[in-house]
Amino acid sequence: MKKIKVNVEPESYEIFIGNGIFKNISIEIKKRKLFRSILIVIDKNVYDIYKKEIVTVFGNYNYKLEILVLEIDEKRKSFESLDKIYSKLIENKYGRDSLIIAIGGGIIGDIVGYAAATYMRGIQYVQIPTTLLAMVDSSVGGKTAVNFGETKNVIGAFYQPRLVLIDTDFLKTLSTDELVCGIGEIVKYAFITDEQYYNYFKRNIDRLFGLDEKVITKIIYQSVLFKAGVVEADEKETGIRKILNFGHTFAHAFEVEQNHRIKHGQAVIAGIICALYLSEGIGILDNIKLNEYLKFIYPMKKYINIEEPDTKKLLDIMSRDKKNKDGKIKFVLLNGVGNIAIDIEAERIQVEKAINKMKKFVE
Ligand SMILES: NC(=O)c1ccc[n+]([C@@H]2O[C@H](COP(=O)([O-])OP(=O)(O)OC[C@H]3O[C@@H](n4cnc5c(N)ncnc54)[C@H](O)[C@@H]3O)[C@@H](O)[C@H]2O)c1
């Protein structure tokens, strides 16, 4: 089992990565002296598959315990789901000394984090991510949010979990499509971390798809370690943390423009392709590197099911992105692997060109 500590105020927390470690959850809660009144909020699909394991792990729990099973998707990453969590907490008289455990992918993690941040001005929460995307990215760093209407993650808070327990066994039941979503975020880490990580990922992509335990653990560990360092340096995203948004300005716009028919991680791959073309278009990335990077992404393009995007609508959506400043769209772009440029403005025509080139690339 691997361990990473995230040093943030007011309290640092640990991340555990390993296989078969979910069964240790109550021991870890006890060790950390976390609150014993627990509400488990779990994705319905995950509950349907892992009900037996959940019952085994929590069956003899001696303190207050309720389970809330939520049906989720990007449209239900909303006040409707938050309402269900708050109602359950209030109906069952959960006080400030309560702990919510989120079991599921990034959607459950983000909603639960926001519910924990706001219920009684903040209660404890633990993340148990069950998708690759949530393991490598969303369960760590304390960004919590729900969508509002057409705008993604616009209502939220920075609020750190008290523990993150990553059990890679959950990945065995994940569909290839969902695996690809996690790989989308890993591609992001490959570009923003360094050459060593980029080359390791490039060499091991087939083993990653095959869920090779050694490769999967190393990749999750490296991604989370990198993210933890960035979060420690800039928890509230005023500077360096913006690099984690590489590809995401485009990605969030694709998700909304495609009416959420495209999954987040797939949109991230499409967004990274646009960001690469835009980096080259504005002259910060040379053509040789661009072609090398596109070759690296090429095997993943078949997973991007994007229907003829409306470029004007995409630009409108991007202009509402919360990372913008003074009414200008701000992009995170790339000079080369491990060399990221933040807060870059681009002409509308350049952005349109980048989107059109991406469309051709994935055809
Ligand atoms: N907070 C952050 O820093 C951050 C970072 C990246 C992404 N996100 C957010 O994460 C969300 C996407 O997360 P996601 O890709 O995990 O999607 P998700 O939560 O929708 O999960 C994807 C699908 O996989 C199913 N599933 C989950 N675990 C499973 C398992 N073990 N076996 C079988 N099926 C399983 C779910 O039911 C769902 O249908 C987006 O809303 C995005 O905005 C947040």
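A few ground rules come before the details. Residues are numbered from 1 along each chain as its sequence is written, and side-chain values use heavy atoms, with hydrogens and water left out. Because the model is predicted, local features need pLDDT of at least 70 and side-chain atom pairs count only at pLDDT 80 or more, while totals for chains, interfaces and linings use all residues.

**The two domains**

The protein chain splits into domain 1 (2-172) and domain 2 (176-362), with bounds that come from an automatic or database domain assignment. Their centres, taken over C-alpha atoms, are 26 Å apart. Contact (heavy atoms within 4.5 Å) links 32 residues of domain 1 with 36 residues of domain 2.

The area buried between domain 1 and domain 2 is about 3100 Å², and carbon and sulfur atoms give 65% of it. Buried area here is the accessible area (1.4 Å probe) that two parts lose on being put together, summed over both. Leu132, Val136 and Lys152 supply 19% of the area that domain 1 buries against domain 2, more than any other three residues.

Turning to polar links, eleven residue pairs, both at pLDDT 80 or more, are in polar contact across the interface. A polar contact is a pair of N or O atoms within 3.5 Å; within protein, one must be able to donate a hydrogen and the other to accept it, and residues adjacent in sequence count only if both atoms are side-chain atoms. There are also five salt bridges between domain 1 and domain 2, each a side-chain nitrogen of Lys or Arg within 4 Å of a carboxyl oxygen of Asp or Glu.

**Lysine 152**

Lysine 152 forms a salt bridge with glutamate 255 (3.1 Å, N to O). Glutamate 74 is another salt-bridge partner of lysine 152, with the closest N and O atoms 3.0 Å apart. Glutamate 74 sits in the loop between β4 (65-70) and α3 (79-91) and lysine 152 in strand β8, so this pair ties together parts that are 78 residues apart in sequence. Helices (H or I, at least four residues) and strands (E, at least two) are DSSP runs, numbered from the N terminus.

**Around the ligand**

The ligand is surrounded by 26 residues, the closest being Asp43, Asn45, Thr130, Thr131 and Thr173; a residue counts if one of its heavy atoms lies within 4 Å.

| Residue | Ligand atom | Distance |
|---|---|---|
| Threonine 130 | nitrogen | 2.7 Å |
| Lysine 152 | oxygen | 2.8 Å |
| Threonine 173 | nitrogen | 2.8 Å |
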